[in-house]
Amino acid sequence: MKEYYGYSADEFVKKAHFPVVVREDNQTIFKELAQIMFDTIKENNEKDDISVIVNPVGPVGQYPYFVEMVNKNKLSLKKCWFINMDEYLDDNNEWIPNDSYLSFHGVMEKKLYSQIEPELNVPENQRVFPNPHKLDEIGNLLKKLGKLDLVVGGIGITGHVAFNEPEPDMSNEEFLNLPTRTLNITKETRATNSCNDLHGAMEEMPYRAITIGMKEMFTAKRIVLGCFRDWHRGVVRHAACAEPSASFPVSLLQLHKNMSLYISKSVADYTLD
């Protein structure tokens, strides 16, 4: 067994290859992710600049806090570009229907866009999802906008960030150069996500997805990930303490200039004793 799986909380934080921030509980993590989003936009608004943020569906606990901050403080999102990092596809490589329980389009509408006061909301044409028919769209958009301020996300069971599933036969350089693409979801991810989202109904889980690539994410000024599930205890230790490898993609974020990981105390406290 790898040594890092036995690290205590203190050992883990000390030996991690990127900053690990431990918070008391899940809600504190979500509030902090929301605050980071809010502060990024507020700072850009004050400079009359756009904000470009890549957002996840998983975690989503930050969105109610972000909505509350935006509405209470009358923060305009009119100059924001919100780019979702991924979406499930059907067997024909089309987005699953928006009314599906699993649809990331549907989740973002329900938890974010429909909750923000209309006069503050992100313009509809600035709410972007990776499109299986326009794989170059997000890369070209980021070039046009000239920046990516922030990536917010989580980590999957295979070490995937967005749906960047492992590619053990690739070099780190090859994996980091992967752009937006469609791909097969691993059986491990399908099983885990079915437990998280469908109470174990794995046969209902899609087999395909579209994801932004590490190529796009690595252009971000800042990457912030939040982890809070019981099984994240091992995942975060692998992510932060193992050698960077395309076989566990999140470990490659050790190579990013400004990457940080927020975890709950229960995840940090994990040992195998």
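**Pockets, cysteines and selected residues of a predicted model**

Lys221 makes contacts, beyond its neighbours up to four places away in sequence, with Lys147, Leu148, Asp149, His256, Lys257 and Asn258. In this predicted model, Lys221 is placed in the loop that joins α8 to β9 (222-227). The residue counts as partly exposed, because its relative accessibility is 44%. Lys221 and Asp48 are 173 residues apart along the chain, and their C-alpha atoms are separated by 18 Å.

Asp149 is also among the contacts of a residue in another part of the chain, Thr40. With neighbours within four places in sequence left aside, Thr40 is in contact with Ser51, Asp149 and Leu150. Thr40 belongs to helix α2, which covers residues 26-46. With a relative accessibility of 17%, Thr40 is classed as buried, the cut-off for this class being under 20%.

A further loop residue, Gln115, is found between α4 and β5 (127-128). Its relative accessibility of 42% places Gln115 in the partly exposed class. Apart from residues up to four places away in sequence, Gln115 touches Val67, Asn71 and Lys110. Gln115 and Glu68 are separated by 47 residues in sequence, and the distance between their C-alpha atoms is 8.8 Å.

At the level of the whole chain, the secondary structure consists of ten helices and ten strands. The radius of gyration is 18 Å, close to the 19 Å given by the globule rule for 273 residues, so the chain is as compact as a globular protein of that length. The C-alpha trace spans about 55 × 40 × 35 Å along its principal axes. Of the 273 residues, 55% are buried. Contacts between residues at least 6 apart in sequence were also examined, and 81% of them join residues at least 24 apart.

The largest pocket has a volume of about 780 Å³. Its lining comprises 35 residues, of which Val57, Gly58, Phe104, Asp197 and Arg229 are the closest to the centre. Three elements, β4 (86-89), α4 (104-111) and α7 (187-198), each give two or more residues to this lining. The greatest contribution is that of α4, with five residues. Classified by residue type, the lining of the largest pocket has 17 nonpolar, 13 polar and five charged residues.

Helix α7, one of the elements that line the largest pocket, also has buried residues, namely Thr189, Arg190, Thr192, Asn193, Ser194 and Leu198. The cover over the buried residues of α7 includes β4, itself a contributor to the lining of the largest pocket. After α7 comes His199, which has a positive phi, near 55°.

The second largest pocket holds about 250 Å³ of space. Its lining is formed by Leu135, Asp136, Gly139, Asn140, Leu142, Lys143, Pro179, Thr180, Lys215, Glu216 and Thr219. Both α5 (137-145) and α8 (214-217) supply at least two of the lining residues. The leading contributor is α5, with four residues. In terms of class, three residues of the lining of the second largest pocket are nonpolar, four are polar and four are charged.

A search of the whole structure for disulfides returned zero. For Cys227, the closest cysteine sulfur is that of Cys241, and the two sulfur atoms are too far apart for a bond because 13 Å separates them, whereas a disulfide requires sulfur atoms within 2.5 Å. Cys227 is buried, with a relative accessible area of 0%. Cys241 is likewise buried, with a relative accessible area of 12%.

Terms used: Residues are numbered from 1 along each chain as its sequence is written. This is a predicted model: local features need pLDDT of at least 70, side-chain atom pairs count only at pLDDT 80 or more; totals for chains, interfaces and linings use all residues. Side-chain values use heavy atoms; hydrogens and water are left out. On a 1 Å grid over the protein atoms alone, a cavity is a set of points where a 1.4 Å probe fits but cannot get out, and a pocket is an open set with protein on both sides within 12 Å along at least five of seven lines; lining residues have an atom within 4 Å of a point. Grid points are joined across faces, edges and corners, and a volume is the space filled by probe spheres set on the points. Ala, Val, Leu, Ile, Met, Phe, Trp, Tyr, Cys and Pro count as nonpolar, Asp, Glu, Lys and Arg as charged, and the others, Gly among them, as polar. Buried means under 20% relative accessible area, exposed over 50%, partly exposed in between (1.4 Å probe, protein chains only). The radius of gyration is taken over C-alpha atoms; the globule rule is 2.2 Å times the number of residues to the power 0.38. Contact means heavy atoms within 4.5 Å.
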